[in-house]
Amino acid sequence: MSAADTPKNGGSPVLTTRELAAVDGVLQDVKEANKSSPDITVTPSVDVGTPPAAFGAGGPMLKQFDQSNATTRSMLSQASTPRSVVGIGGKGAKPDYSEAKIVLAMVGLPARGKSYLSNKLMRYLKWLEYDVKVFNVGQLRRSRARQKAQQSGKREDHTASYFSHDNVEATRLRDQLANDSLEMLIQWLKEGGNVGIHDATNSTKARRQKIVERVSREKGIVVIFLESVCDDPAIIAANVALKVSSGDPDYKDMSREEAKRDFERRIREYEAVYETITEPHLSYLRIKNVGSQVTLCHIHGYLQSRIAFYLMNLHLKPRSIFFSRHGESQYNVEGKIGGDSPLSERGMRYARALPALITDNIGDAPLTVWTSTLQRTIQTAQYLPYTKLTWKSLDELDAGVCDGMTYEEIEQAYPEDFANRDEDKFNYRYRGGESYRDVVVRLEPVIMELERQENILIIGHQAILRCLYAYFHDLPQADLPYIKIPLHTVIKLTPKAYGCDEERYTLPIGAVDTHRPKPKAPPPPIPPSHTGREYYANDA
C-alpha cells in the first residue's frame, strides 16, 4: 500500500526490535500461504478497546497485509477462465478453498463476547468467500428443549442449577449437546465447509482434550481454540444486560431483575470449574477485553493467520460509519462509467450541503473522512470540516477497455459480453479491468482499518460502497452488485453486538439514477435494522 493509500491519524508508534520480532511470524504466514512457520506468541498490551499498535493505520502489519493481497489477486487471476479473443472480458472463478478445514472452538465464561466474536468472524470470512458456519450449543439446547416441550407439554428447567457441575444429570446432558454439536460441525466440514465455529464455553481442559481427540481422527481437519477473556466490569455488565433484555427464552417468564440474578448465578457455576487455556500443545488465540491484549500460540498457515489478524483489529467502542457516494458527476449526467470527471452543478450543491447533514448527526464527536484518489470524491469532501484521508483502494471498479463508455455503447460494441456480465455480474471481469470479486479482495485492508477505527465517513463510488455495505449486512454475493446506493444519500451504519442498525438520509438535490437492476429479477431489498440474537438452531 502506497503512502497515499495509508490513512494516518498522527504519527505512528515506533516499534521496538522485540515487537517487530513478535509480529514477524504472522507476517510470514500471511505472505507464504500454507508453508510451515514458527510458533507465535504475541502479547501486546495497550489501552482497553484499542487494537495493538503494530496493526494500526500506517503500522507495518497493515502495509504488509495490504501487499499480501497480491497473492490472493494472483490466485484469482490464475483461477479465471480464459478470456474470449473477441470481447471485453471474462468470468472469474471462485478461489479453491477446498483444502481449508478448521474447527474453531470458542472458550470462555458466559457474557464474555464469544458469540460476538464468532459471528463477526463468520461474516468476515464469508465476505472473503470461505464457507463458514457457527454451531452454537446454546441454540441447540434451546431448540431441543422446545421440541420436547411441544411433544410432552413439559418445559425443562434451564435456570442456573442446570449449569451446576454438581448436577450430574444436567452435566451429562450438556456434554451430550456439546458432542452432538461438534459431530454436526465435523460432518458439515466433510461435506465441503471451510471453517466451523463451535460456539460453546469449552471451559475445562478435559472438554478441550475431547475436542482435540475427536478432531484428530479426521484427516485434513485441524482445531484451533479462541478464548475470550474479559475482566472489564463495564463490558461484562453490558453483556449481562443484553442477555436478559433481548428475549432469551431461558428467561421467558422472569422479570428482568430475576433473570439478571439467575444469569449471574449461572456465571458463578461456570467460574467454579473454569480453566483458562494453558495447555502447551494447543493451537489457540486468546483475546482479552475484545482487543486490548492478544495471545497467539501454534498458529500456522495462511487461513489461521488471516483469522488472527482480523480478530486483533476488533473493538467495542460505540461508533457510526457513514457511506456516501460522491456528488453527481459529469460522467453520471452523460451516462458514462469510470473515468475521473468533475462534479456536475448539482453534485457541487450536494458537496456544499453535506457538512450540515453530517454535523447534525455526529455533533462534536471526532470523525475522519476517507475518499478515493478520484477528483469527484475529493471535491465532494472539500467543505467537510474534518480530517481527510485518501485511499487508492477506494477507487471505483476498473472498467478496463470500457472506461468512459455508456452502457448503450458497450451493449452495441460487445453484445455477447454485455449479456454475460448481466448474467453473473459479481464474477465478470472487464478486459484490462476488474470484477466485483476483485474489488472485494482489494478492499480487505479497508475492512481491517474500518474495524479498528471509530467514526468514519467514506465518500466513495457505487461499486465500492456496495461491497462494503454487503460486508456490514452479511449479504450474499449474488445480490451485492445490485444493492441500491443512490446519489445524494447518506447511509449511517451503527454496529451492534449481533448486527448493524441503518438509517438513510436523502438530501433534496436532484441527481440521475445510475442503478441498473438485475435483469428479470426484483432488486434485493434493503435489509431491516436487525441487531437481535438468534436463540434457536436451524438444524437441531
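Colleague: Which residue in strand 7 is the bridge partner of L285?

Modeller: The bridge partner of L285 in strand 7 is L296. Before going on, please keep in mind that this is a predicted model, in which local features need pLDDT of at least 70 and side-chain atom pairs count only at pLDDT 80 or more, while totals for chains, interfaces and linings use all residues. Residues are numbered from 1 along each chain as its sequence is written, and side-chain values use heavy atoms, with hydrogens and water left out.

The elements named here are DSSP runs numbered from the N terminus, helices being H or I runs of at least four residues and strands being E runs of at least two. Two strands are said to pair if DSSP finds at least two bridges between them. Strand 6, residues 284–288, and strand 7 pair in the antiparallel sense, and five bridges join them.

This pairing belongs to an open sheet of six strands with mixed pairing, in the order 3-4-2-5-6-7. Its edges are strand 3 (132–136) and strand 7 (293–297), each of which pairs on one side only. From one strand to the next the twist averages 15°, where axes are lines fitted to C-alpha atoms, for helices over the stretch in contact, and angles run from 0 to 180 degrees between N-to-C directions. Helix 5 (residues 168–190) packs on this sheet, touching strand 2 (102–107), strand 3 and strand 4 (195–199), and its direction makes about 170° with that of strand 4; contact here means heavy atoms within 4.5 Å. Helix 6 (residues 205–216) lies across strand 2, strand 4 and strand 5 (222–229), and runs at about 160° to strand 5.

Another open sheet, also of six strands and mixed pairing, has the order 10-9-12-8-13-14. Strand 10 (387–390) and strand 14 (499–506) are its edge strands, each pairing on one side only, and the twist averages 20° from one strand to the next. Helix 11 (residues 345–362) packs on this sheet, touching strand 8 (321–325), strand 12 (456–460), strand 13 (489–496) and strand 14, with its direction at about 25° to that of strand 13. Helix 17 packs on the sheet as well, touching strand 8, strand 12, strand 13 and strand 14, and its direction makes about 155° with that of strand 8.

Strand 8 and strand 12 run parallel and are joined by five bridges, with I456 as the bridge partner of I321.

A nonpolar core is a set of buried Ala, Val, Leu, Ile, Met, Phe, Trp, Tyr and Cys residues joined through side-chain atoms within 4.5 Å. The largest such core has 75 residues, of which F323, L450 and L468 touch the most other members. Helix 17 (residues 462–473) gives the largest share of this core, nine residues. Leaving aside residues up to four places away in sequence, L450 touches R319, I321, W370, I456, I458, L468 and F472. A second, separate core of 19 residues includes L185, V212, I221 and C297.

One aromatic cluster is formed by W127, F323, Y471 and F472. Rings of Phe, Tyr and Trp (its six-membered ring) pair if their centres lie within 6.5 Å, with planes under 30 degrees apart counted as stacked, over 60 as edge-to-face and the rest as tilted. Y471 and F472 are both buried. R123 lies over the face of Y471, at 5.1 Å from the ring centre, the rule being that NZ of Lys or CZ of Arg is within 6 Å of the ring centre and within 35 degrees of the ring normal. K120, found in helix 3 (residues 114–127), is buried, with a relative accessible area of 6%. Not counting residues up to four places away in sequence, K120 touches Y310, L314, E451 and Y471.

Note on methods:
Buried < 20%, exposed > 50% of the residue type's maximum accessible area, 1.4 Å probe, protein only.
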